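Have the structure open as you read.

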Amino acid sequence: MGRVSLFILDGFGVGAMKDCANVKPEDIYANTYLHLKESTDLNIPFLSKMGLNRLTHGEGRPMAAYGKSNLAHAGADTFMGHQELMGSKPAVPQKRFMKEVARDIKFSLIEMGFLVEHPFSDSPILLVNGSIVIGDNLESSPGNIINLICDLNQIQFEKACEVARAVRKCVDTSRVIVFGNKKTSVKKILAAARKLPTGQFGIDSPNAEVYGEGYQVMHLGYGVDYSRQFAHIAEMEGYPVYRIGKTADVIQAKGFSNPAVETASVLKSFLESYSNAEDNAIFLVNVQETDLAGHKQDSDWYRSVLEESDAFLEEFCSLLENDDLLIVTADHGNDPTIGHSNHTREQTPIFVMGNNVKPVSIGERETMADIAATMAEYMNLPSPEYGKSFLKEILITI
C-alpha cells in the first residue's frame, strides 16, 4: 500500500464558476491563475507540464492526470472547501448575528446546567461559566461565524468544545469556532469586546492575546459530519493521517498536526514527515500563503509562493515510490486582481501524479469531494459521505 498526499494550494482558482452571475456577481471575471500570469512574470513550469497549460489554454501534452472541479459548497470558503475535499457536502448556512441568536444560545446552555451571564448590559455577548465568551466573529463576513473564546486557565479545552457543540445546534451560521489559550484571561478577553457598525458584537481576538504558542482551536461547520469524512474514516481503519499547514486547524483528526503558516515551514514539515512515514500514511497539506497574498491583493507575493511550491513539487515527485499517489488541488479562488480582498468563487484545478497514473483528462467534476472518494478507493477504505471516485479513469491497468 502506497502513501497518499493531498497538496492544497489555498485560493488557487482557474476561472469563475458559471453560477457567479447569480450567487456572487462580483466574481464573474475572476481567474486567479490567468490574472497572475498576466500581471506578473509567473513561472511554474512543473504544474504547467502536469496539465495546467492544457487545462487553461488547451496547450501541451500533460504528464499527469488533470481536470478541474466546481465548488459544491455555498460561496468560496477555506473551511467549507476543506470539508468538501474530505467528502462532505455542507448544508447551505444562513447569516446570523449574536443579537438574533443569543437568547436561544443562553437558554439552551442553561438547560444543560451551565451558568450564563451578560457581562455587558447593552450587548448580546455571553459569558459561560466565567471562562468562555461567546460573540460574533469580527474578522469574517458579517453573520458567518459565532466565536467562543476561552480562558484555558479556567476551563479545559475539551469542556469548551462541549459548549461549542451545544451552540452549534442552536445556530445555522457557516461556522462555530471555539478557541483559547492559557496566556490570555477572561479579563483580557472582555476588555477586547467591540461593537462594529455592521451590528456585530464580539471580541477583537488579536487584542485578546489569544493566538500564538498554546493556542487551541476547533471549527464546527454547518451540516458537516466528521465521522463520514475521509480523514476520520482513515484513522478509524488504522491509517496514520498527517495534517500540515491550515489542514491542522480545519480538518478534524487525531494524528500528527503542524499548523505552520510560512510556506517554507509547511514544505519542510511535509518532506520530513513523508521521508519517515509509514507505507500507508496519508498527508493532508495546505499552502496558506497563496490565500494570504490574495487577501492582501499582492500579486507578487502570490507569484513567489506559487513558484516556491512548484519547485518543491517537482523535487517531491522524484521521491514517489511505486504505489505512492500525489494530488494537487485548491479549495476555492482568491484572485488578487479582482478589486476586492475576499475569496473568489472559482473552479479548482486537479492534478494527480504517481507511477501508476495515466496522463488523462478527468474532465470537470461536480464537487471537490470526488477527490476524497478517489483517495478512499485507492486506500481500500469505505467511501466518504459524498463524492464520486475517478480512480478507475486514471490508473494504469496491468
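## Ground rules

Contact here means heavy atoms within 4.5 Å. Axes are lines fitted to C-alpha atoms, for helices over the stretch in contact, and angles run from 0 to 180 degrees between N-to-C directions. Helices (H or I, at least four residues) and strands (E, at least two) are DSSP runs, numbered from the N terminus.

This is a predicted model, where local features need pLDDT of at least 70 and side-chain atom pairs count only at pLDDT 80 or more, while totals for chains, interfaces and linings use all residues. Residues are numbered from 1 along each chain as its sequence is written, and side-chain values use heavy atoms, with hydrogens and water left out.

## The open sheet and its helices

Start with the open sheet of 8 strands, ordered β12-β11-β13-β1-β14-β15-β2-β16 with mixed pairing; two strands pair if DSSP finds at least two bridges between them. At the edges sit β12 (257-258) and β16 (361-365), each with a single partner strand, so one side of each has no neighbour in the sheet. β12 pairs with β11 (residues 241-245) in the parallel sense over 2 bridges, and Ile244 stands opposite Asn258 in β12.

α10 packs on this sheet, touching β1 (4-9), β11, β12 and β13 (282-287), and its direction makes about 170° with that of β13. α12 lies across β1, β13, β14 (325-329) and β15 (348-353), running at about 165° to β1.

## How α10 meets α12

Helices α10 (residues 263-276) and α12 (residues 299-317) pack at about 15°, with axes 10 Å apart. They are therefore roughly parallel to each other (that label covers angles under 35 degrees). From α10, the contact uses Thr263, Ala264, Leu267, Phe270, Leu271 and Tyr274, and from α12 it uses Val305, Glu308, Ser309, Phe312 and Phe316.

## Buried spots

Which residues of helix α2 (residues 32-39) are buried? Thr32, Tyr33, His35 and Leu36 are, where buried means under 20% relative accessible area (1.4 Å probe, protein chains only). What covers them includes α3 (45-57) and α12.

Strand β7 (residues 175-181) has 7 of its 7 residues buried, so it is largely enclosed by the rest of the structure. Arg175, Ile177, Phe179 and Asn181 point one way, and Val176, Val178 and Gly180 the other. β7 pairs with β6 (residues 145-151) in the parallel sense over 7 bridges, and Arg175 is the bridge partner of Ile145.

Technical notes
Angles under 35 degrees count as roughly parallel, over 145 as roughly antiparallel, 65 to 115 as roughly perpendicular and the rest as oblique. Buried means under 20% relative accessible area, exposed over 50%, partly exposed in between (1.4 Å probe, protein chains only).
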